[in-house]
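Reader: I would like a close look at a single part of this model, the place where the ligand is held, with the terms spelled out as you go. Please take me through it in one connected account.

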Amino acid sequence: MATLPIIIAPDPRLKVKAKAVERVDGEVRQLMDDMLETMYASNGIGLAAPQVGVAKRVIVVDVARENEKPRPLRLANPEIVWASDDIQPRNEGCLSLPEHYAEVERPVAVRVRYIDHENEIREIEAEGVLAQCIQHEMDHLEGVLFVDHISALKRNIILRKLVKSRKLAQEVPA
Ligand code: K1U
Ligand code: ZN
């Protein structure tokens, strides 16, 4: 397994619609495992393939707390087949928008069909933080970031701050 560099916004690779995988073979399984390692190393609860520069419809999620046994989920070609009418705002972060957070409204519960790491079609029903995280990761597959759900004013403030920190990090010390 390997940890992969995470792309930080703004970056055109985060705005691309990812392509479906034909089947989950050894290469896709390796990508899923590398993404999980990258997610755990970054203290995240989810990660989507476009965040590591791979435009494939693959996401990983683990919302287990530190004191719980890990519960990794590997999902290829995820589709929402049902969403609750109940919609709630929750605070969101993103490893591609480090140190920025905002409230995003999403359905509280969803049923998701996907292909697992053994190339089997499965469905899960998720609610609360798991449902929120799966929807956030699925947005990445459409080139959508959580800042696309908030006002243009707040979005531009966050993106400008990220551009500024990238420039500062690139400055060579005198
Ligand atoms: O997509 C990503 O960059 C991962 C992102 C997932 C996510 C977090 C919060 C709400 C929805 C989706 C993160 O894991 S960012 C890290 C973070 O905010 C967090 C980490 C541990 C617990 C709770 C939040
Ligand atoms: Zn994200």
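Author: By class, the shell around ligand 1 is made up of 4 nonpolar, 8 polar and 2 charged residues, where Ala, Val, Leu, Ile, Met, Phe, Trp, Tyr, Cys and Pro count as nonpolar, Asp, Glu, Lys and Arg as charged, and the others, Gly among them, as polar. This is a predicted model, in which local features need pLDDT of at least 70 and side-chain atom pairs count only at pLDDT 80 or more, while totals for chains, interfaces and linings use all residues. Residues are numbered from 1 along each chain as its sequence is written, chains are lettered from A and ligands numbered from 1 in the order in which they are written, and side-chain values use heavy atoms, with hydrogens and water left out.

In total, 14 residues surround ligand 1, and the closest are Ile-45, Gly-46, Gln-51, Leu-95 and Glu-137; a residue is near a molecule if one of its heavy atoms lies within 4 Å of it. Helix 2, which spans residues 128-141, gives the most to this shell, with 4 residues (a helix is a DSSP run of H or I with at least four residues, a strand a run of E with at least two, both numbered from the N terminus).

Turning to the polar contacts, which are pairs of N or O atoms within 3.5 Å, a side-chain N or O atom of Glu-137 is 2.8 Å from an oxygen atom of ligand 1. For His-136, a polar side-chain atom lies 3.0 Å from an oxygen atom of ligand 1, and for His-140 the distance from a side-chain N or O atom to a ligand oxygen is 3.3 Å. Taken alone, ligand 1 exposes 520 Å², of which the protein buries 78%, with accessible areas coming from the Shrake-Rupley method with a 1.4 Å probe.

How values were computed: Polar contact = N/O pair within 3.5 Å; in protein donor to acceptor, adjacent residues only side chain to side chain.
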